[in-house]
Amino acid sequence: MGLEKQLAGFNEQLLDGEVGFKALFKSSPDPTWIINEKNLFVLCNLAAATVLGYDSVEALQAVHPSELSPEFQPDGQSSREKADAMMAAAHREGVYRFEWEHRRRNGECFPVEVTLSVLNAGDKPFLYCIWRDITERKQYEQALRSSEQRLEYLIKSTPAVIYSSKASGDYAATFISDNVRQQLGYEPCEFTDDPNFWQECIHPADREGVLSELPDLSEQGGYAHEYRFRNKAGDYRWMRDEMRLQRNEQGEPQEILGYWIDITERKQAEEAMQLQSEIAQNIAEGINLVRAEDGVFVYVNEKFEQMYGYAPGEMVGKHVSTLNAPNTRSPQKVAEEVTQGLRSNGYWSGELKNVRKDGSIFWSHSAVSVFEHSQYGQVFLGVQRDISEQKEMEQKLQQLNKELELRSLQDGLTEIANRRMFDVVLGREWSRGMRERRPLSLIMIDIDFFKQYNDYYGHLQGDICLKEIAQRLSQMTKRTLDLCARYGGEEFVLLLPNTDIEQAARLAEECREKVIQLAIAHESSEICDVVTISAGVCTVVPSTTVSSSSLVAAADAALYQAKRGGRNRVELDNSV
């Protein structure tokens, strides 16, 4: 009777006296409680009872919070003792917020964020308690930690130093990978703490050239530069710095992303070759004379013949076009263009793709000038050097760039597209949908009870499960423009351009059935003895009145409804 009188008095003094508060309390979608001075729940709304799995609010009256929780909290504290301590803190400070683990009626535990506020009703203090389920947030945090660990591994295993910096102003570094210690001897904080540190370490002779090109990033989007950089020991190292400007959704410059590669050995080799070339002058280069009248070689030096694999004197009398390898243009066309440039300007230089006597292909850099020869009339003087190694190095660097780009857009575990790739494609297809006024559908998928799967089978088996489901889902996107990506943790997305809601719903149902057909055992599932998925589907015709984030939010809301509706099902959302 004491509790009933107390509850009646509370209702009379506060809830019935403040109609707005009473309506808000009852209709709030968040679980809400009233706690008396004995630290007992004396009143809760229907949302609280529903989330905990109870049929009525009456079943939760006169209950201590620890009775709706596991015996111990994740930090090892007794739920009883910690609950009393948190409520005491709330009475002292007026408002107190903390994380807590509750237990549903069926025994399932889940994390919540609790806010306690002191509420005076008559002469007795009460606590107004509100909490919200943060299970997804915890999952996202775990997924983020996993992603960060994978990214950290990639950064540590690459010889490149990865960095980000401001997009304007002093271009100060905002992040730099730890392997800068091995490459240059500096601590990462030396770059991020001092906005001018990077600029001051550039060789004075190179600094102006590097900084003068940075403003052009807003138009070019990216550029590469080679310059000398002072290391911790005071020595200068040659760096190849490749950077790209990143923009926000409004198209405004957001930050610069880039990486360094130490090319000191390459530069030293190039400088040594240059010095040797200057000392030897034309002796070290392939030299030839071509008669302008008919394009025939009238003289070649030994180096030139060696370069092309001919015996001494064998090349004289041959047409210059016989040395030009097929490219996008025919050998005859290349010869004509070089000849035309020479006749117009008197000088030509560039790279040529050549063919040796044995048919092998190589690249050379050629410098050609024209003059009057006493015997042959007008002739072209050509100086050539083999740049095959340089070309090979450039190709390797291009391959490295592609691999780095691929790694940044691919999920390391499942080897399908990752969240970043999804964001890129979503932006592209959203723009396309606006132009073509065609529907864009999104299926958001979550593996049911995956936490229990990991707890029961272990994380190694959990990774195998993720890979199998990822591969099966990726097989469902058969069109070129369709995208299957890992959204995070055990969540996947299927982005389907030019697809209406009915088509997307059918595909989502097929995905659900295909996953069941995998027959991956899941003894800890509450709904099935094999792994299942839940899916949320939304379709929208992109326009200026909605954003791409609305499509994601609607699909996520539909997924939430599928999980609340029992899981292993597909729900649609037409609210956008």
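Visitor: How many residues of strand E19 are buried?
Guide: In this predicted model, eight of the eight residues of E19, which covers residues 533-540, are buried, so the strand is largely enclosed by the rest of the structure.

Visitor: Which residues point which way from E19?
Guide: Ile533, Ala535, Val537 and Thr539 point one way, while Ser534, Gly536, Cys538 and Val540 point the other way, and all of them are buried. In a regular strand the side chains alternate between the two faces of the sheet.

Visitor: And do E16 and E19 run parallel or antiparallel?
Guide: Strand E16, residues 440-447, runs antiparallel to E19, and eight bridges join the two; within this pairing, Leu442 stands opposite Cys538 of E19.

Visitor: What about E20, how many bridges there?
Guide: Four bridges connect E19 with strand E20, residues 570-573, and here the pairing is in the parallel sense, with Val537 standing opposite Leu572 of E20.

Visitor: Which helix goes with E19 and E20 in the β-α-β unit?
Guide: That is helix H19, residues 548-564, and the β-α-β unit that E19, H19 and E20 make is left-handed.

Visitor: Switching to the geometry of H19, what span should its 17 residues have?
Guide: At 1.5 Å a residue they should span 24 Å, and because the end C-alpha atoms of H19 are 25 Å apart, the model agrees with that expectation.

Visitor: Which of its residues are buried?
Guide: The buried residues of H19 are Ser548, Leu551, Val552, Ala554, Ala555, Ala558, Leu559, Ala562 and Lys563.

Visitor: Which residue just after H19 has a positive phi?
Guide: Gly566 does, with a phi of about 120 degrees.

Note on methods. Residues numbered from 1 in each chain as written. Predicted model: local features only at pLDDT ≥ 70, side-chain atom pairs only at ≥ 80, totals over all residues. Heavy atoms only, no water. Buried < 20%, exposed > 50% of the residue type's maximum accessible area, 1.4 Å probe, protein only. Pairing = 2+ DSSP bridges. Right-handed = clockwise from strand over helix to strand, strands pointing away. Expected span 1.5 Å × (residues − 1).
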